[in-house]
Amino acid sequence: MTKQNDASRKGREQSAHDGGAGSGEATRALVIVPVLPNHARQEDDTGRVRLARSPEARLEEAVGLTRAIDLDPVQTSIAIVAEPRPATLLGSGKVSELAEAVKDKHAELAIVDHPLTPVQQRNLEKELNVKVLDRTGLILEIFGERARTKEGTLQVELAHLNYQKGRLVRSWTHLERQRGGAGFLGGPGETQIEADRRALQEKIIRLKRELETVRRTRDLHRAKRKKVPFPVVAIVGYTNAGKSTLFNKLTGAGVLAEDMLFATLDPTLRRVRLPHGTPIILSDTVGFISDLPTHLVAAFRATLEEVVEADLVIHLRDISDPDTAAQAEDVERILGDLGVDAADANRVVEVWNKVDLLDEGNRERLLAESADGKRPPIAISAVTGEGIVALKALIETRVSGELQSVEITLQPAQLGMVDWLYRNGDVIKRTDNEDGSVSLSLMATESAREEIEGRLQRKSG
């Protein structure tokens, strides 16, 4: 990328963070949600009709995305687009209306909650005389601000470069210049835009190599974990479903958990011991979202491999959100892209969060409807702790088997196992015998019972 182009980009980024012309206030932004004729009926790659979100729900999410990077949405609107325009997507009347709003509200940025082609983005910037971000660009900006680890930074940068690769045709005149060939009569040489594209491609290749190194390191860490065979449980869900709050509740960790879209970006793993002693590795992942940019899915594949390799996947839903069904579809679609079958009840557990925000009537109705001849989802509140005990029990059953009654008598030479049994089972009764042996009645998971039998054989051998 050229110095002028890079400086221009950095200037815009600095302006966005500083709130414009050194005012110290948040950047003022317009938020527009276009509603196209085919919005009511959308099909995925398999031909299945997707649940449509209401324009109001889409607007609320777009405003949430805008505020996630401290922008000030000074005006929000829904634009009904009867016939999408190739040049600007929106009709000329709506574009003129937005241009007036930019002046009246002193806006410095316009956010269009819909994918824009490079030509549409450039034309809208000319008409509105402010920078324009589409949905993909906005999500990339949020991810860029949230990335904390080297891996996260690399992944966001790669996604951003892939996104920008097709958008170098801007209003900047330096991109029209050509580098002349040898002598006055030489060929036209390489245009500046071609040089920029070549530089971008070289940087993309370098980033892919660095990420491949990261992926190999992650594979090594995963291989080490498999040598100490702790089951891996991954929490996935739509952004702001409460994944980090649940992660903190289960682990006691201090992961950032705020009422904010994409509050957590970099994955976090912690070891947790379940009520009957089963140790697991719990993984908190980046939140999913509808129309997640393909650049991001590709760039974050190394991170999302934690989900692919997980023994159990917890699909956490914000059941209080009116769009929870559509959000669940989006999560299931992304899981499918990763090779995880959301319908596999043995591997994917659906958990309903934020039930504390429902009244009793709605809660009972939803649980009754969800049963439908199957086991209903676990209903929890990660904030109040409601349902957490049941969730832990379910996780332990799925990864270690059902609880079983175990009766054993430890000889004096085997008493070193007593502490382990208390940590890995629920001791109901203990009898200290006159011959120095100890008889125990306990409840243990299937895997713990097998471990007990193996330890006893080794001790007696």
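Student: What is the mean pLDDT of the chain?
Tutor: The mean is 79, and 77% of the residues reach 70 or more; pLDDT is the predictor's confidence in each residue, from 0 to 100. In this predicted model, local features need pLDDT of at least 70 and side-chain atom pairs 80 or more, while totals for chains, interfaces and linings use all residues. Residues are numbered from 1 along each chain as its sequence is written, and side-chain values use heavy atoms, without hydrogens and water.

Student: Where does pLDDT stay under 50?
Tutor: Over residues 1–23, which have 31 contacts (heavy atoms within 4.5 Å) beyond four places in sequence. Residues 170–189 are also below 50.

Student: New topic. At what angle do α2 and α5 pack?
Tutor: About 40 degrees, with the axes 9 Å apart; α2 is residues 55–67 and α5 is residues 135–146. Helices are DSSP runs of H or I, at least four residues, and strands are runs of E, at least two. Axes are lines fitted to C-alpha atoms over the stretch in contact, and angles run from 0 to 180 degrees between N-to-C directions.

Student: Which residues of α2 and α5 meet?
Tutor: Glu61, Leu65 and Thr66 of α2 meet Arg135, Leu138 and Ile142 of α5.

Student: And salt bridges, how many?
Tutor: The count is 16, taking a side-chain nitrogen of Lys or Arg within 4 Å of a carboxyl oxygen of Asp or Glu. One of them joins Arg58 and Asp113, at 3.9 Å from N to O.

Student: Which parts does that pair tie together?
Tutor: Arg58 is in helix α2 and Asp113 in the loop between β5 (109–112) and α4 (118–128), so the pair ties together parts 55 residues apart in sequence.
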